Amino acid sequence: MVVRRGSAAPDADRVAVEEPMEVRVNGAPFAVIMRTPGADRDLAAGFLLAEDVVRGVDEIGAIDYCADAEAGAERNTVNVTVLGGAVDRLGQRLSDRRHVTMTASCGLCGRRTIESLRSRVATVRGDWTVPGALVSGLPDRLRSAQPVFSTTGGLHAAGLFDLSGALVMSAEDVGRHNAVDKITGRTLLSGLHPLDRHLLFVSGRTSFELVQKALVAGLPLLAAVSAPSSLAIDLAVEAGITLCRFVRGDTFNIYAHPARVV
């Protein structure tokens, strides 16, 4: 039903898809993530990187849909086989977290304490600079790569850019955290980490969790259209990440490590 100028009429609309995805690690249930289907393997890899279960592509053996899932849920259940040090880390992470459903806006909701969210990566690298005009142009460049948003208006997006401002890859999802995980997971599986010669731009606001995800991926600059939280700023300062917000038109704010933007 569409209401215009006081009149109502039946109409059709397109909406963004949201479905739960269960992530199992070595067969054990680890999390349920509310996400937009697509790039599920990338999402699982990026999520486990941010959760500090895996620290490199060499610790991932396989990511497969589970044939033994309940009928109708086979494409919404993935099992990640981890190797090496990730096997030992898995047991600790399972004891550190509550088994909860991760909502699309949740981030790292499964962790018990704020201290456990602190990354084991001290700081990022990146002694380069980029022009301010390059940062200002990121929203329009990402917007042109959001086909589902164009038809539904219901998805967040994240874009990975090189130092020339060229879009390397993008992802859409009902959750901005998921969109970032899809990118960091894809780059992890492709052997591109650390991403110390790249920039990340996201739609929406910036929370501690998004800075955390940038940190574990080695991203030196994170920019977004909306406001950061105080804890996001604190972590960016500690981690050496340039944090740009309110990137709209030809203006933006820099909250941490402004020397990378000239």
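**Reading assignments in a predicted model**

Colleague: Where does Leu-221 lie?

Modeller: Leu-221 lies in strand β11, residues 221–224; helices (H or I, at least four residues) and strands (E, at least two) are DSSP runs, numbered from the N terminus. This is a predicted model, in which local features need pLDDT of at least 70, side-chain atom pairs count only at pLDDT 80 or more, and totals for chains, interfaces and linings use all residues. Residues are numbered from 1 along each chain as its sequence is written, and side-chain values use heavy atoms, with hydrogens and water left out.

Colleague: Why is Leu-221 called buried?

Modeller: Buried means under 20% relative accessible area, exposed over 50% and partly exposed in between, with a 1.4 Å probe and protein chains only. Leu-221 has a relative accessible area of 0%, and therefore counts as buried.

Colleague: Which residues does Leu-221 touch, not counting those up to four places away in sequence?

Modeller: Contact means heavy atoms within 4.5 Å. Leu-221 touches Trp-128, Val-130, His-198, Leu-199, Leu-200, Ile-241, Thr-242, Cys-244 and Val-261. Of these, Cys-244 is itself buried, because its relative accessible area is 0%.

Colleague: What makes Cys-66 count as buried?

Modeller: Its relative accessibility is 6%, so Cys-66 counts as buried. The structure holds zero disulfides, a disulfide being a pair of cysteine sulfur atoms within 2.5 Å.

Colleague: Is Ser-203 buried or exposed?

Modeller: Ser-203 has a relative accessible area of 16% and is therefore buried. Ser-203 is found in the loop between β10 (198–202) and α7 (208–217).

Colleague: What is the polar contact between the side chains of Ser-203 and His-156?

Modeller: A polar contact is a pair of N or O atoms within 3.5 Å; within protein, one must be able to donate a hydrogen and the other to accept it, and residues adjacent in sequence count only if both atoms are side-chain atoms. The side chains of Ser-203 and His-156 make such a contact at 3.0 Å. The side chain of Ser-203 also reaches the backbone nitrogen of Ala-157, at 2.9 Å.

Colleague: How do α1 and α6 pack?

Modeller: Helix α1 (residues 40–50) and helix α6 (residues 176–189) pack at an angle of about 95 degrees, with axes 6 Å apart. That makes α1 roughly perpendicular to α6, since angles of 65 to 115 degrees count as roughly perpendicular, under 35 as roughly parallel, over 145 as roughly antiparallel and the rest as oblique. Axes are lines fitted to C-alpha atoms, for helices over the stretch in contact, and angles run from 0 to 180 degrees between N-to-C directions.
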